[in-house]
Each structure stands twice: as structure tokens, then as C-alpha cells.
Amino acid sequence: MEKIISQQSNSVDNVVSIIDARKKDQKTEVKFDRRELDQILQVYSFMVAGGDWRDYAIDHLQDRAVFSVFKRTSEMPLFRIEKDPKRAQKQGAYSVITAAGQVIKRGHDLKQVLKVFDKAIKLVQSD
């Protein structure tokens with residue numbers, strides 16, 4: 001373990017771990033875990049196959065993680081799938097938000113929240 005000793009004094013009280021110092025400087029970001037991304041990308045792949053969506057972006061911010069879907073790259077996102085841990089105890093950490101900012105579905109379970117896109121998926125799969 002690397003240690004830094006203060007130049008002012010060589011006492012043990014001034015020893016600081018570099019790892020601890022870096023952790024204090026780094027701000028934690030909210031991220032989607034692998035299971036969450038798998039669920040989102042499964043819905044995304046069906047919508048791409050149907051020609052409804054063409055591009056996506058993932059943002060890991062300090063207070064939330066956002067998966068944005070686009071019809072065209074240059075446009076505003078059609079939908080944003082957000083994970084906001086601050087809302088986990090209240091309305092649920094997951095939400096689907098339209099381009100206009102309207103929350104169309106919110107809940108504690110991502111799979112249930114993503115069911116808002118099921119009607120579109122069924123249309124894509126039918127002949």
C-alpha cells in the first residue's frame with residue numbers, strides 16, 4: 001500500500017493512504033448493473049428490429065443513470081429510462097420518461113416498468 005507522509009512532520013498521525021485520498025476526491029456515479037442493462041437492451045433490440053428506434057445513449061450521472069433512445073441521432077430522445085436511487089423507497093427507482101418530460105411509468109421493478117413498451121413489441125412480432 002502506498003503512503004504519503006506530510007512534509008511538515010514525519011509523525012504517524014500525518015500518514016494518509018493514497019487509495020483513501022483518491023476515493024474522497026472521486027464522486028460516485030449511479031450506474032446500471034448488468035442485469036438492468038440486459039433487460040433494457042432486450043427491449044431496445046425489439047424496437048430496433050421494428051424500425052422504431054435507431055440509436056441510444058447511456059449517461060451515468062451523480063444522482064441517476066439514464067438510458068436514452070432515439071429515432072434519429074440528431075434528435076431529442078424519444079424516451080429516457082432512468083434509474084434514480086433517491087426515489088427507490090418512495091415511487092420506485094425506475095421510470096420511463098417521454099421527450100416532453102412526462103413520466104409514463106414508474107416503479108420498483110425494472111421489468112415491470114419496461115412493460116410500457118410491450119404493446120409496441122407485440123406489433124413488431126405479429127405478421
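The side chains of Glu82 and Arg80 come together in a salt bridge, 3.0 Å from N to O. A salt bridge here is a side-chain nitrogen of Lys or Arg within 4 Å of a carboxyl oxygen of Asp or Glu. Glu82 is buried, at 8% relative accessibility, while Arg80 is partly exposed at 25%. (Buried means under 20% relative accessible area, exposed over 50%, and partly exposed in between, using a 1.4 Å probe and protein chains only.) Salt bridges that share partners link Asp63, Arg64, Arg80 and Glu82 into one network.

A word on the ground rules: this is a predicted model, where local features need pLDDT of at least 70 and side-chain atom pairs count only at pLDDT 80 or more, while totals for chains, interfaces and linings use all residues. Residues are numbered from 1 along each chain as its sequence is written, and side-chain values use heavy atoms, with hydrogens and water left out.

The salt bridge count comes to five. Among them are these:

| Pair | Closest N and O atoms |
|---|---|
| Glu36 and Lys83 | 3.1 Å |
| Asp63 and Arg64 | 3.2 Å |

Now for Glu36, which pairs up with Lys83 in a salt bridge. Glu36 sits in helix 2 (residues 34-49) and Lys83 in strand 5 (residues 79-83), so this pair ties together parts that are 47 residues apart in sequence. Helices (H or I, at least four residues) and strands (E, at least two) are DSSP runs, numbered from the N terminus. Both Glu36 and Lys83 are buried.
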